[in-house]
Amino acid sequence: MKRSEVNRYIKQAIKLFDENNFHLPSWALLTPEEWKDKIATERCKEIIDHTLGWDVTDFGKNNFMKEGLTLFTLRNGSPKSEKTYCEKIMVSYVNQITPMHFHWNKMEDIINRGGGILALQLWKANKKEEKTSDSFTVQIDGITQNIEAGEIIQLNPGESITLEPYIYHQFWAEKETCIIGEVSKVNDDSNDNRFYEPLGRYPEIEEDESPLFLLCTEYL
């Protein structure tokens with residue numbers, strides 16, 4: 001991805017969050033220069049160590065509006081810490097797919113926080129990490145629902161779904177851009193993402209302009 005794209009999509013996310021009265025922590029808007037001072041004091045160790053903050057990815061496909069996602073990780077722990085949970089806020093544009101994947105360890109709630117309809121397509125994986133034709137159950141706002149392999153679930157604003165490990169899922173927005181929340185166990189993007197098609201989790205950045213904000217992988 002080009003840095004100009006990253007800058008643009010972060011600015012769009014900030015505007016969308018403001019319009020929907022979702023408030024980010026103050027450090028979300030720090031410039032790269034301001035981060036240098038923060039890092040020097042070591043006051044932001046948890047932010048750095050647990051990759052909190054901005055995350056804009058095209059999953060290595062170089063076609064962000066087709067396959068991509070804008071995320072901001074608000075809080076996250078680690079398997080070895082007492083903080084064993086994570087929260088994210090995300091932006092998905094209409095028909096912009098987050099590619100099919102599951103997590104070996106993480107259970108998560110995916111929440112439509114506002115905007116359009118959030119569509120999720122689901123499959124159960126077996127221990128060989130293959131998609132199966134098995135039916136299974138999920139919790140949608142605490143209500144058990146039977147799901148067929150490959151079924152598409154549509155969540156209206158305010159609705160949510162709980163995804164257990166080994167549930168392949170891909171998702172996208174319909175009708176208009178979606179603000180998506182995630183509340184989960186600890187998030188570990190380096191070790192707990194099983195993409196059905198091998199993909200790059202973080203993009204390579206072409207520096208065609210200066211960064212307005214640092215991504216969560218760029219503090220050091």
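This note goes through the predicted model point by point, from its overall build to its aromatic contacts.

1. The model is predicted, and local features are reported only at pLDDT of at least 70, side-chain atom pairs only at pLDDT 80 or more, while totals for chains, interfaces and linings use all residues. Residues are numbered from 1 along each chain as its sequence is written, and side-chain values use heavy atoms, with hydrogens and water left out.

2. The protein chain contains 3 helices and 11 strands, where helices (H or I, at least four residues) and strands (E, at least two) are DSSP runs numbered from the N terminus. Read from the N terminus, the order of elements is α-α-α-β-β-β-β-β-β-β-β-β-β-β.

3. The C-alpha trace spans about 50 × 40 × 35 Å along its principal axes. The radius of gyration of the protein chain is 17 Å, which agrees with the value near 17 Å for a compact globule of 220 residues; this radius is taken over C-alpha atoms, and the globule rule is 2.2 Å times the number of residues to the power 0.38.

4. Of the 220 residues, 50% count as buried, a term that means under 20% relative accessible area (1.4 Å probe, protein chains only). Among contacts with a separation of 6 or more, 75% are between residues 24 or more positions apart, a contact being heavy atoms within 4.5 Å.

5. The structure holds 12 aromatic pairs, which are rings of Phe, Tyr and Trp (its six-membered ring) with centres within 6.5 Å, called stacked when the planes are under 30 degrees apart, edge-to-face when over 60 and tilted for the rest. One of them joins F59 and F195 in an edge-to-face arrangement, with 5.7 Å from centre to centre and 65 degrees between the planes. Because F59 lies in the loop between β1 (53-57) and β2 (69-76) and F195 in strand β11 (residues 194-195), this pair ties together parts that are 136 residues apart in sequence. Both F59 and F195 are buried.

6. For F102 and Y166, the ring centres are 4.7 Å apart and the planes stand at 25 degrees, so the pair is stacked. This pair also links distant parts of the chain, since F102 belongs to strand β4 (residues 98-102) and Y166 to the loop between β9 (160-163) and β10 (167-185), 64 residues apart. F102 and Y166 are likewise buried.

7. Finally, one aromatic cluster is formed by W27, W35, W54, F72 and Y219.
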